[in-house]
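Please work through each task before reading its solution.

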Amino acid sequence: MITFLIIITTIAVTTMMIVLKKEKKEENDDSKLTRIELVVAVLKRIGCQPEFEDDQITFTYKEQVFTIDAGNEYLFIKIWRIWGSRAHLDSNITLLKEAINITNRVTLTTIVYTTDEEENLLGIHFGISIPFTHQIPDIDNCLRAILDNSFETEEKLREEFASLIAAPSTKSENSKRVRIKGFSK
């Protein structure tokens, strides 16, 4: 199911970038907005209350805090869900890191982690870069789908982590470190 959603999302984003409108429609209000103004307008239309400072927009979606870096000079925006999940550093961290690597290979959203040794926590963060212009058809639903994808990625991570805990030896034995000639000494 996740793979199917990833394929559909990838096709949708790619199509949005290459498809040119054959017939010129009446310009809506979005066409005159800067990138930051467009992001704020779309977030408001999907029910979020964005707050922004400089090029960074913060908002809550499905009870999770997201941040968008949206400079007007770029066609892309970077969406982050910082501290989307947490884990204690003393719990199966090696398996969790392996689950993150496996999940990153098969999902649209990228997972990164940080450690907070004072709090003894591993922070799990979800990020994705996407094109964002007023020319994207149905941009509201596109952004909603991308935001939802971070939750799907988190669920996939939980599944991978659970499968590694259930059978740690089979996954670990198959994942020998590969050294590429020319990049290592």
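**Exercise 1.** Is Phe59 buried or exposed?

*Solution.* The model is predicted, with local features needing pLDDT of at least 70, side-chain atom pairs counting only at pLDDT 80 or more, and totals for chains, interfaces and linings using all residues. Residues are numbered from 1 along each chain as its sequence is written, and side-chain values use heavy atoms, without hydrogens and water. Buried means under 20% relative accessible area, exposed over 50%, and partly exposed in between (1.4 Å probe, protein chains only). Phe59 has a relative accessible area of 2%, so Phe59 is buried.

**Exercise 2.** Classify the ring pair formed by Phe59 and Phe66.

*Solution.* Rings of Phe, Tyr and Trp (its six-membered ring) pair if their centres lie within 6.5 Å; planes under 30 degrees apart count as stacked, over 60 as edge-to-face and the rest as tilted. By this rule there are 4 aromatic pairs. The ring centres of Phe59 and Phe66 are 5.6 Å apart and the planes lie at 10°, so this pair is stacked. Phe66 is also buried, at 1% relative accessibility. One aromatic cluster is formed by Phe59, Tyr61, Phe66 and Phe151.

**Exercise 3.** Describe the largest nonpolar core.

*Solution.* A nonpolar core is a set of buried Ala, Val, Leu, Ile, Met, Phe, Trp, Tyr and Cys residues joined through side-chain atoms within 4.5 Å. The largest one has 24 residues, and Phe59 and Ile57 are among those with the most contacts inside it. A second, separate core has 13 residues, including Ile93 and Phe126.
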